[in-house]
Amino acid sequence: MTRALRIMWLAVIWVALWSDVSLANVVAGLLVAGMIVALFDTWHRGQVIVRPIAAAKFGAFFLYQLAVSSLTVARTVLTPRDRIRTGIVAVPLQGCSDAVVTLIADAITLTPGTLTLEVRRDPLTLYVHALDVRDVALLQRDVRRLEVLAVKAFGDAAALAGLATDDTSAWRTR
């Protein structure tokens with residue numbers, strides 16, 4: 001997406017939030033959007049390519065993780081409070097586009113009991129808060145599995161080449 005399109009999109013959002021299409025709102029929206037894009041434009045170029053079969057695998061794994069984490073949260077709520085082992089885990093990623101990192105971070109946040117706290121760019125790392133951290137390596141493997149599936153489903157050629165190792169079989173060994 002070009003800068004001009006991002007400015008236009010932000011200006012449309014601005015006008016929609018004000019619920020008034022007037023010259024003043026459009027001009028103010030364009031000015032604010034221009035400043036936002038000029039100051040905070042960190043858009044990482046990279047195509048988002050949709051591969052339907054790989055996207056279905058990503059969706060299936062996400063639904064599986066959703067079910068497992070829902071049961072884990074339910075168990076945690078029903079058991080005594082002293083068994084809760086919360087933690088923040090750093091999970092390094094292999095260098096995918098901003099769109100794929102956002103997808104991964106959102107999928108983690110949508111899963112009950114987990115929350116993406118921060119994304120660092122250099123090196124590319126997600127910081128994930130988990131309600132029940134019994135095994136740090138297992139949590140990292142699950143996020144890595146999500147990353148591999150997301151890159152295979154939506155990543156460009158550079159992101160696919162960046163997958164040094166395929167950890168997709170890690171979740172099957174549990």
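A residue counts as buried when its relative accessible area is under 20%. Ser69 has a relative accessibility of 12%, so Ser69 is buried. This residue belongs to helix H3. The side chain of Ser69 reaches the backbone oxygen of Leu66, at 3.2 Å. These values, like those that follow, come from a predicted model.

The protein chain contains six helices and three strands. Read from the N terminus, the order of elements is α-α-α-β-α-β-β-α-α. The chain has 174 residues, of which 32% count as buried.

Aromatic contacts were examined next. A pair of aromatic rings is described by the distance of the centres and the angle of the planes. The structure holds three aromatic pairs. One of them joins Phe58 and Phe154.

Stacked pairs need planes under 30 degrees apart, and edge-to-face pairs need over 60. Phe61 and Tyr64 are three residues apart in helix H3, so about one helical turn separates them.

The largest pocket holds about 530 Å³ of space. Its lining comprises 28 residues. Gln65, Thr114, Asp132, Leu139 and Asp142 are the closest of these to the pocket centre. Four elements each supply at least two lining residues: H3, helix H4 (98-110), strand S3 (125-130) and H5. The largest share comes from H3, with nine residues. By class, 15 lining residues are nonpolar, seven are polar and six are charged.

Helix H4 also carries Thr102. The relative accessible area of Thr102 is 42%, so this residue is partly exposed. The side chain of Thr102 reaches the backbone oxygen of Asp98 at 2.8 Å. Thr102 and Val119 are 17 residues apart in sequence. Their C-alpha atoms are 9.1 Å apart in space.

Backbone geometry was considered in the loops. Most residues other than glycine have a negative phi, and most peptide bonds are trans. Ser19 has a positive phi of about 55°, although it is not a glycine. Ser19 lies in the loop between helix H1 (3-18) and helix H2 (23-40). Its relative accessibility is 67%, so Ser19 counts as exposed. A cis peptide bond joins Asp122 and Pro123, with omega at about -5°. Pro123 is located in the loop between strand S2 (114-120) and S3.

The loop between H2 and H3 contains Arg51. Arg51 has a relative accessible area of 24% and is therefore partly exposed. The C-alpha atom of Arg51 is 8.9 Å from that of Gly155. Along the chain, Arg51 and Gly155 are 104 residues apart.

Phe61 and Tyr64 pair within H3. Ser69 is also in this helix. The lining of the largest pocket draws its largest share, nine residues, from H3.

How values were computed: Residues are numbered from 1 along each chain as its sequence is written. This is a predicted model: local features need pLDDT of at least 70, side-chain atom pairs count only at pLDDT 80 or more; totals for chains, interfaces and linings use all residues. Side-chain values use heavy atoms; hydrogens and water are left out. Rings of Phe, Tyr and Trp (its six-membered ring) pair if their centres lie within 6.5 Å; planes under 30 degrees apart count as stacked, over 60 as edge-to-face and the rest as tilted. On a 1 Å grid over the protein atoms alone, a cavity is a set of points where a 1.4 Å probe fits but cannot get out, and a pocket is an open set with protein on both sides within 12 Å along at least five of seven lines; lining residues have an atom within 4 Å of a point. Grid points are joined across faces, edges and corners, and a volume is the space filled by probe spheres set on the points. Ala, Val, Leu, Ile, Met, Phe, Trp, Tyr, Cys and Pro count as nonpolar, Asp, Glu, Lys and Arg as charged, and the others, Gly among them, as polar. Buried means under 20% relative accessible area, exposed over 50%, partly exposed in between (1.4 Å probe, protein chains only). A polar contact is a pair of N or O atoms within 3.5 Å; within protein, one must be able to donate a hydrogen and the other to accept it, and residues adjacent in sequence count only if both atoms are side-chain atoms.
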